[in-house]
Amino acid sequence: MSTQTPAAPAARRPADPIPGRIRAKRPPRPGTWISAVIVALLVLGLANFLVTNPVFDWGTVATFILDVKVVQGVGWTLLITVLSMILGTAIALTAAIMRRSENPVLRGVSWAYIFVFRGTPVYTQLVFWGLFTVIVPKLVLGVPFGPELFSFSTRDYFPAFWAAVVGLALNEGAYLAEIIRSGLNSVDKGQTEASKALGMSNGKILRRIIIPQAMRVIVPPLGNETIGMLKTTSLVLAVPFTLDLTFASNAIANKLYAPIPLLIVAALWYLAITSVLMVGQHFLERYFGRGFDDRTGSPAAKRSRQSAVNRAGTTPKDSLPEVEL
């Protein structure tokens, strides 16, 4: 009598938790691979050009990327950017509210401000603010056409740094005013009417109802304007202000007679700061876009929401077959 070991049972595929589901396959897309190969070849060629070209002088770039003057220039550039955006946003919010006012005088003043500062180049405006102490050498407080009570020299209280900040802020405020106005107008008027019916004042309606919802529309262009402001600070030499990143790198380049490596140093710093600003803009957009755009959620979050709906048992058991991609 021969003994035979029983054959091992064949491995079974796990049962599909959703019977009847259609397993669809994506069609082949050769264009994706062809474009990937072309882009890879272009990237390799560009990398070879950057590495082998002696004009770029990467040794000099590595030497001065953390130079004291360059790092100080980065700090001054960031300070000018932050202060100009804060002041410009406050000016823009005021101008946008004035444009929405029922008072024709306020609307006219706001329109004139936006017209002048959007219609003239920022470089021209910075030159003007640099000459402000020449145009207005002294400010006087007193009785009109009468005796002077108090006066001070503008040269003592309006240095080049503040001239650069004020010039950039006033120019930026004119652009941001239209952005903020469009954001405020994007909120349905019915919410204002409902808030007034509840007895809320106009100021509270603006702070609690309109502005929080308008931020979803305001934040993306506001982030773009902030990045643009960072790069516009390279024009403050017109004031003249000589401590920013662009002037610091140019000063070193003039001493070494090596403009291209120092331009690369400045460009790398601008790219690094811009990358940080873009990340911050992304999170702000996702925060203020909650409940408006489902695309802001990750695929895992979407699956978890669908799983929660399935576990709740509120959908019929014999639902339409799902398509798995």
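**View 1. Arg99 joins a network of salt bridges.** Arg99 is partly exposed, at 23% relative accessibility (buried is under 20% relative accessible area, exposed is over 50%, and partly exposed falls in between, with a 1.4 Å probe and protein chains only). The model is predicted, local features need pLDDT of at least 70, side-chain atom pairs count only at pLDDT 80 or more, and totals for chains, interfaces and linings use all residues. Residues are numbered from 1 along each chain as its sequence is written, and side-chain values use heavy atoms, with hydrogens and water left out. The side chains of Arg99 and Glu178 form a salt bridge at 3.1 Å, N to O (a side-chain nitrogen of Lys or Arg within 4 Å of a carboxyl oxygen of Asp or Glu). Arg99 sits in helix 3 (residues 68-99) and Glu178 in helix 8, so this pair ties together parts that are 79 residues apart in sequence. Helices are DSSP runs of H or I with at least four residues, strands are E runs of at least two, and both are numbered from the N terminus.

**View 2. Glu178 also pairs with Arg181.** This salt bridge spans 2.9 Å, N to O. Both residues belong to helix 8. They are three residues apart, about one turn of the helix. Is Glu178 buried or exposed? Glu178 is buried, with a relative accessible area of 18%. Arg181, at 23%, is partly exposed. The count of salt bridges comes to two.

**View 3. Tyr175 sits in helix 8.** Its relative accessible area is 32%, so Tyr175 is partly exposed.

**View 4. The largest pocket holds about 580 Å³ of space.** A pocket is found on a 1 Å grid over the protein atoms alone; it is an open set of points where a 1.4 Å probe fits, with protein on both sides within 12 Å along at least five of seven lines, and lining residues have an atom within 4 Å of a point. Points are joined across faces, edges and corners, and the volume is the space filled by probe spheres set on them. The lining has 17 residues. Nearest the centre lie Arg100, Thr192, Lys196, Asn202 and Ile210. Helix 8 (160-185), helix 9 (189-197) and helix 10 (202-232) each give two or more residues to the lining. Which helix gives the most? Helix 10 does, with five residues. The lining divides into six nonpolar, five polar and six charged residues (Ala, Val, Leu, Ile, Met, Phe, Trp, Tyr, Cys and Pro are nonpolar; Asp, Glu, Lys and Arg are charged; the others, with Gly among them, are polar).

**View 5. Four residues make a nonpolar patch on the surface.** They are Phe128, Leu131, Val134 and Ile135. Together they have about 380 Å² of accessible area, computed by the Shrake-Rupley method with a 1.4 Å probe, counting only the protein chains shown as cover for residues. Patch residues have over 30% relative accessible area and no salt bridge; like charges are joined within 9 Å, and nonpolar side chains (Val, Leu, Ile, Met, Phe, Trp, Tyr) within 5 Å. Leu131 lies in the loop between helix 5 (122-130) and helix 6 (132-135). Leu131 is partly exposed, at 44% relative accessibility.

**View 6. Lys138 lies in strand 2, residues 138-142.** Lys138 is partly exposed, with a relative accessible area of 44%. Asp156 is 18 residues away along the chain. The C-alpha atoms of Lys138 and Asp156 are separated by 9.8 Å.

**View 7. The bond from Val239 to Pro240 is a cis peptide bond.** Its omega is near 10°. Where is Pro240? Pro240 is in the loop between helix 10 and helix 11 (245-256).

**View 8. Asp57 has a positive phi, near 50°, and is not a glycine.** Asp57 belongs to the loop between helix 1 (30-52) and helix 2 (58-64). At 34% relative accessibility, Asp57 is partly exposed.

**View 9. Tyr257 is not a glycine, yet its phi is positive, about 55°.** Tyr257 is in the loop between helix 11 and helix 12 (259-288). Is Tyr257 buried or exposed? Tyr257 is exposed, at 74% relative accessibility.
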